[in-house]
Structures are given as C-alpha cells and as structure tokens.
Amino acid sequence: MAHIVVMGAGLGGMPAAYDLKAHLGKKHDITLINPSEDFQFTPSNPWVVVGWRKPSEVLVPIRKYVERRGIKFIAQSVSAIDATGNKLTLDDGATIDYDYLIIATGPKLAFDEIPGTGPSANTHSVCSTPHSQAAAQAYEKFLENPGPIVIGAAQGASCFGPAYEFAMIVEADLRKRKIRDQVPMTFVTSEPYIGHMGLGGVGDSKSLLESEMRQRHIKWVTNAKILEATDSTVKIAEHNDAGEVIKEQELESKFSLFIPAFKGVDAVANVEGLCNPRGFVLIDDHQRNPTYPNIYSAGVCVAIPPVEATPVPTGAPKTGYMIESMVTAIVENIAEELEGKEPSHKATWNALCLADLGDDGVAFVALPQIPPRNVTWAKKGKWVHLAKIAFEKYFMRKMRTGRTEPIYEKYVLKAMGIIRLKPGK
C-alpha cells in the first residue's frame with residue numbers, strides 16, 4: 001500500500017486527491033494538506049470585490065467532502081520537505097511520510113519585490129478570497145468618494161487574465177452605479193501590448209481587448225514596470241522595445257490593484273534540486289521532478305519558461321484546463337508506477353478560458369496553450385459572461401461531488417478537439 005500526499009487544495013490539488021482516490025480505490029492512502037479549511041474558487045474573486053459575490057459563495061468546505069470519499073485531510077501549512085527522506089514537516093511540528101508527493105500549492109505572491117504593493121501596504125489583490133474580501137471593504141469606502149483607479153499586472157507577472165477581468169468588471173460596476181464619469185481608469189501592464197497575456201496573444205486578442213479598452217474609456221500603459229505605490233499614487237516606468245526606460249510618471253489613484261509576480265512557496269523553494277531560482281518546481285514531460293522522481297507537480301507552482309522574451313519580464317500563465325490536464329497525467333502516471341510500469345502519460349496543456357468583462361466576455365481557446373498551436377481563437381459575446389457564471393457553479397459542484405470529469409464534459413470537449421492527455425504512440 002502506497003501513501004500519496006497532495007500539497008495544496010486549489011484548482012489542481014483538490015481534483016488530484018479526488019481523482020487519485022477514484023482511480024486507486026482503497027488499496028492506497030491519499031492525504032490532502034492545505035493551509036485553510038476551504039477550497040477557494042479564485043476565478044470569482046473579482047466579483048467578490050465589487051459585491052457581486054459574497055466571500056462565502058466562492059468557498060467550499062474541504063473536509064466534509066473529501067473525507068466522505070475516504071481521503072484524509074489536514075488543514076495546516078507544510079513548513080519543510082525532506083525530499084530525500086520522503087517526509088513532510090507541518091507547522092505544528094508533526095511529520096508525514098509519503099511514497100509519492102504531488103505539489104499543487106499555487107504560488108507565493110511576490111508583493112515584497114515592489115515597494116508599497118500588496119494588501120498589507122497600498123494596493124489590493126484578487127489572488128485569494130481573503131485578499132478579495134479586504135479589497136471589497138476598501139472598494140466600498142472608495143465608492144463614497146470616488147476618483148482615479150489604477151489596475152494592472154506587475155513586472156514578472158504570469159497571470160494577466162484576472163487583471164483584465166477586474167478592470168472590466170469594475171468599469172461595468174461603476175456604470176451600473178452611475179458614477180463611471182467620476183472615475184478615470186488606467187490599466188498598467190508589463191505586457192508588450194494589450195492582449196499579449198504572457199502567451200504572445202491568443203487569436204485576435206490584441207485588437208479585441210484594445211477595442212474593449214477604448215470602448216470603455218480605459219487608458220493603458222504597456223511595457224511598464226511599477227516602481228512604487230503609495231496610498232494616493234502609483235509610480236511607473238515605461239520602456240521601449242529595447243527595454244530602455246523612456247518615461248517615468250506618477251499616476252494618481254484612490255484604489256489600486258495589481259497582479260504580482262509569483263514565486264514558489266518557501267517549503268518548496270528551499271528544497272535543493274527541486275526548483276528553479278524562482279522556486280517553481282522543475283518537471284519533465286510526465287509532470288515528474290527529474291531529481292526526485294516520486295515528486296510530481298501541477299498548476300501555478302510548476303516551472304514553465306516564458307513564451308518569448310519581452311522588454312519588461314513576463315511569465316507564461318497556467319490556466320484552469322491546462323492545470324486539469326496536468327492533474328490527469330499525474331494520476332495516470334502514478335497509477336502506472338504502482339503497477340511497476342514507467343510513466344507514459346503527457347498532459348496536452350490545452351487552454352479553454354472564459355474571461356468575464358462585466359456585462360459580456362471573451363472566450364479564448366489555445367490548443368496547446370504554449371505556441372506554436374494547432375488551434376487558436378478568441379470570441380466575444382454576452383454568452384461568455386453567462387458561461388462564466390455557469391462554469392463557477394459547475395466547477396464548485398464538482399468539488400463537492402468529487403466527480404472532476406463527468407463523462408458528458410469529456411465528450412463535449414473532445415468534440416471540440418479539447419482533450420487532457422496527448423494521444424499515445
């Protein structure tokens with residue numbers, strides 16, 4: 001009997017625990033470890049800030065659902081990993097032995113790299129539900145005395161979608177409140193152009209998102225580094241295509257929110273030979289670490305090189321369906337190892353993204369997510385906004401039921417050419 005431990009219960013970790021138990025049954029033990037008692041549906045966090053969702057509506061209690069499936073759950077942080085001894089140390093000093101470890105922790109948010117940024121300083125975040133709840137309180141206060149807003153993604157960021165979504169959702173919310181005319185908005189991003197997304201664009205994302213920005217009277221600054229944030233300003237440096245500073249300016253802001261650069265969490269980053277210099281887990285084609293082959297990883301915490309060099313550093317995003325494909329590959333590969341076989345499954349890293357723009361939205365499909373691609377397109381419409389709402393309910397239901405890939409989902413997506421695993425030889 002093997003003991004498989006999953007670190008992190010987010011978009012990758014909780015489905016991984018469910019799928020492992022469903023695939024392996026009672027023959028092997030599964031333990032899920034997460035710092036909090038709740039699963040957070042992070043794609044809904046922008047709605048929390050503007051009051052379209054209550055924090056409780058985007059949370060799922062983990063323990064009662066996973067324990068119902070025979071999965072042990074521990075609500076603690078991991079303070080250290082002994083990758084050679086196959087052992088984890090928890091915050092309370094207890095230790096957990098494992099045969100296989102799946103790291104799905106998500107990132108550490110690198111607010112400390114830019115003075116004045118982060119929820120404990122002068123800017124806000126949608127990277128976690130608690131951050132969004134704090135931002136919602138600040139937004140309510142902002143509405144009493146509105147003024148300029150600055151939203152965007154910092155240098156080194158790799159997750160640009162939520163920044164665009166939040167800007168558009170805030171703009172739509174301000175229109176609904178009849179105070180949009182009192183709020184100048186500026187979008188600041190490290191991307192070389194609007195719609196780059198850390199992916200070199202997806203379909204016609206550049207012109208599509210630029211058009212949305214113009215339509216909504218949102219100014220933008222690209223190739224930008226955030227130098228410092230105060231309680232009333234954001235200082236930025238704009239760069240040319242050679243990466244040279246061409247302009248520095250201070251933008252007035254009564255409410256600022258940025259997606260930061262990411263790093264690996266400390267317990268993971270501190271393991272020699274496990275990670276790259278930023279603390280992201282190194283993996284092979286089978287999601288397995290080359291140095292410690294009984295350690296697998298999925299999600300935002302894996303090391304993926306940038307798609308291309310940009311004047312201001314940007315990273316490649318790890319999107320929802322891409323993460324799901326990583327998880328499926330890991331589950332299949334661990335099952336093969338337990339049968340004495342070599343891992344053979346590879347994730348497709350296909351991307352299917354629904355970006356809510358407040359009153360409509362944009363759907364992106366990239367097969368695979370990292371170019372060159374077999375398929376790439378972007379479509380806009382009211383239906384995307386409605387589909388995003390439906391997906392929120394659907395995914396959270398999957399986290400309650402433990403059925404992470406119902407048969408109808410599998411075949412509907414397959415009909416669109418979207419699959420989780422690469423075909424075998």
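This is a short chat about a predicted model of one protein.

User: How many helices and strands does the protein have?

Analyst: The secondary structure comes to 10 helices and 22 strands.

User: What share of the residues is buried?

Analyst: Buried residues make up 54% of the 425.

User: What about the contacts, how many link residues 24 or more positions apart?

Analyst: Take the contacts with a separation of 6 or more: 65% of them are between residues 24 or more positions apart.

User: Let's zoom in on helix H1. Where is it, and what is its reach?

Analyst: H1 covers residues 13-24, which is 12 residues. From first C-alpha to last, H1 reaches 16 Å, close to the 16 Å expected at 1.5 Å a residue.

User: Is H1 enclosed or open, and why?

Analyst: H1 is largely enclosed by the rest of the structure, because 10 of its 12 residues are buried. Among the buried ones are Met14, Pro15, Tyr18, Leu20 and Leu24.

User: What comes just after H1?

Analyst: Gly25, which takes a positive phi of about 70 degrees.

User: Go back to Gly13. Where is its place?

Analyst: Gly13 is in helix H1. Its relative accessible area is 0%, so Gly13 is buried. Leaving aside neighbours within four places in sequence, Gly13 is in contact with Val6, Gly8, Leu32 and Ala104.

User: How far apart are Gly13 and Phe187?

Analyst: They are 174 residues apart in sequence. In space, the C-alpha to C-alpha distance is 32 Å.

User: Now H5. What span should it have?

Analyst: H5 takes in residues 161-176, 16 residues in total. At 1.5 Å a residue it should span 22 Å, and its end C-alpha atoms are 23 Å apart, which agrees.

User: How many residues of H5 are buried?

Analyst: 12 of its 16, so H5 is mostly covered. The buried ones include Tyr164, Phe166, Met168 and Leu174. Just after H5, Lys178 takes a positive phi of about 65 degrees.

User: Which other residues have a positive phi without being glycine? One example first: what is phi of His217?

Analyst: Phi of His217 is near 60 degrees. His217 is in the loop between helix H6 (205-215) and strand S13 (218-221). Asn223 is another non-glycine case, with phi near 50 degrees. Asn223 has its place in the loop between S13 and strand S14 (224-229).

User: His217 first: buried or exposed?

Analyst: His217 is exposed, since its relative accessible area is 64% and the cut-off is over 50%.

User: And Asn223, buried or exposed?

Analyst: Asn223 counts as buried, because its relative accessibility is 4%.

User: What does Thr348 touch?

Analyst: Its contacts include Pro368, along with Ser325 and Ile419, not counting residues up to four places away in sequence. Thr348 is found in the loop between helix H8 (320-338) and strand S20 (351-356). At 9% relative accessibility, Thr348 counts as buried.

User: Last one, Glu244. Where does it lie?

Analyst: Glu244 lies in the loop between strand S15 (233-239) and strand S16 (245-252). Glu244 is partly exposed, with a relative accessible area of 48%. Not counting residues up to four places away in sequence, Glu244 touches Glu238 and His239.

Definitions and conventions. Residues are numbered from 1 along each chain as its sequence is written. This is a predicted model: local features need pLDDT of at least 70, side-chain atom pairs count only at pLDDT 80 or more; totals for chains, interfaces and linings use all residues. Side-chain values use heavy atoms; hydrogens and water are left out. Helices (H or I, at least four residues) and strands (E, at least two) are DSSP runs, numbered from the N terminus. The expected span of a helix is 1.5 Å times one less than its number of residues. Buried means under 20% relative accessible area, exposed over 50%, partly exposed in between (1.4 Å probe, protein chains only). Contact means heavy atoms within 4.5 Å.
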